[in-house]
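Welcome! Here is a short tour for someone meeting this protein model for the first time. Please have a look at the sequence and the 3D view, and then read on.

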Amino acid sequence: MKIAGAPISWGVCEVPGWGHQLGPDRVLAEMRRAGLTATELGPEGFLPADTVALTALLDGFGLACVGGFVPVVLHDAGHDPAKDLAGPLDSLSAAGAGLVILAAATGADGYDSRPVLDDSQWATLLSNLDRLAAAAAERGIKAVLHPHVGTMVENRAEVHRVLAGSSIPLCLDTGHLLIGGTDPLELTRLAPDRIEHTHLKDVDAALCAKVQAGDMSYTDAVAAGLYVPLGAGDVDIAGIVKLLRDNGYDGWYVMEQDAILDAEPDEQDGPLSDVMASVSYLRSISG
């Protein structure tokens with residue numbers, strides 16, 4: 001199995017005020033301690049924008065680059081998202097990454113609220129998905145769409161609207177899909193040929209229900225422990241992995257347990273222990 005990490009497991013996030021942000025040296029070093037050999041880039045500004053410095057930093061920690069998560073506004077006919085994608089594609093190309101992971105951003109900070117799109121805005125979104133996928137392909141990079149809480153593609157109906165109206169592959173994020181109302185196991189069974197990348201999350205069902213009911217914001221739920229180590233929550237991680245493998249999936253499995261940190265943690269209480277527990281669980285079910 002190709003197992004990678006993501007800086008969000010260490011609390012590194014693009015949302016202003018998300019929490020204490022760890023530096024790249026600690027995050028990348030702890031990825032290696034967890035036995036990971038690759039990472040996603042994390043938010044803009046976390047790793048160097050200069051492509052030479054970026055590759056030198058990753059090489060220094062013995063980490064390959066899998067791809068990068070890039071939220072872009074896709075539904076606004078007056079906005080060209082290709083301009084937002086140009087810089088990330090430069091970084092990903094320089095780092096030898098094969099993927100750009102798009103999210104249909106609302107245009108506002110954070111993931112606690114979102115507008116409702118009309119049919120015209122949906123048509124723009126779907127057209128832009130295929131256009132950006134083609135632009136990425138010209139750079140030798142595959143674009144995938146990440147259904148994500150608090151974005152314009154969050155719930156089951158929206159995921160299926162993308163499947164029907166666009167040819168872009170998906171990033172199967174087991175946590176965001178479940179919270180948004182899509183059974184990730186069912187989606188894997190329904191559309192295995194559309195899944196090109198996987199973010200593995202396990203979820204506390206009680207906190208998930210509070211978010212779905214509107215009793216707790218997504219951000220507050222993350223801070224309260226919405227995401228737990230793989231195998232410790234209520235997502236059928238083993239079933240999803242088995243189904244992916246049975247259908248010939250040979251992409252990356254990215255460990256993602258979104259975290260919010262109050263301060264610089266010590267090694268014993270930091271995110272590393274949860275990541276190591278997730279990696280150990282995944283290897284135990286991988287055969």
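Is Y227 buried or exposed? Y227 is buried, because its relative accessible area is 7%, and buried means under 20% relative accessible area, with exposed over 50% and partly exposed in between (1.4 Å probe, protein chains only). This is a predicted model, in which local features need pLDDT of at least 70 and side-chain atom pairs count only at pLDDT 80 or more, while totals for chains, interfaces and linings use all residues. Residues are numbered from 1 along each chain as its sequence is written, and side-chain values use heavy atoms, leaving out hydrogens and water.

**Aromatic rings**

- A pair of aromatic rings is described by the distance of the centres and the angle of the planes.
- Rings of Phe, Tyr and Trp (its six-membered ring) pair if their centres lie within 6.5 Å; planes under 30 degrees apart count as stacked, over 60 as edge-to-face and the rest as tilted.
- The structure holds two such aromatic pairs.
- Y218 and Y227 make an edge-to-face pair, at 6.4 Å centre to centre and with 70° between the planes.
- Y218 counts as buried because its relative accessibility is 3%.
- Y249 and Y253 have ring centres 5.3 Å apart and planes at 75°, so this pair is edge-to-face.
- Y249 is buried at 13% relative accessibility, and Y253 is buried with a relative accessible area of 2%.

- Helices (H or I, at least four residues) and strands (E, at least two) are DSSP runs, numbered from the N terminus.
- S9 sits in the loop between strand 1 (2-5) and helix 1 (24-33).
- S9 counts as buried, because its relative accessibility is 4%.
- A polar atom of the S9 side chain lies 3.3 Å from the backbone oxygen of M255.
- Leaving aside residues up to four places away in sequence, S9 touches M255, E256, Q257, A259, P271 and V275 (contact means heavy atoms within 4.5 Å).
- In helix 1, the buried residues are R26, V27, L28, E30 and M31.
- These buried residues of helix 1 pack against strand 1, strand 2 (38-40), helix 2 (51-60) and helix 11 (272-285).
- Just after helix 1 comes G35, with a positive phi of about 90°.

- Strand 6 and strand 7 (residues 195-200) run parallel and are joined by four bridges (strands pair if DSSP finds at least two bridges between them).
- H197 in strand 7 stands opposite C171.

**A buried asparagine**

- N128 belongs to helix 4 (residues 119-138).
- N128 is buried, because its relative accessibility is 6%.
- A polar atom of the N128 side chain lies 2.8 Å from the backbone oxygen of L74.
- N128 touches L74 and P81, not counting residues up to four places away in sequence.

**Cysteines**

- The structure holds zero disulfides (pairs of cysteine sulfur atoms within 2.5 Å).
- For C13, the nearest cysteine sulfur is that of C171, 15 Å away.
- C13 counts as buried at 9% relative accessibility.

How values were computed. Polar contact = N/O pair within 3.5 Å; in protein donor to acceptor, adjacent residues only side chain to side chain.
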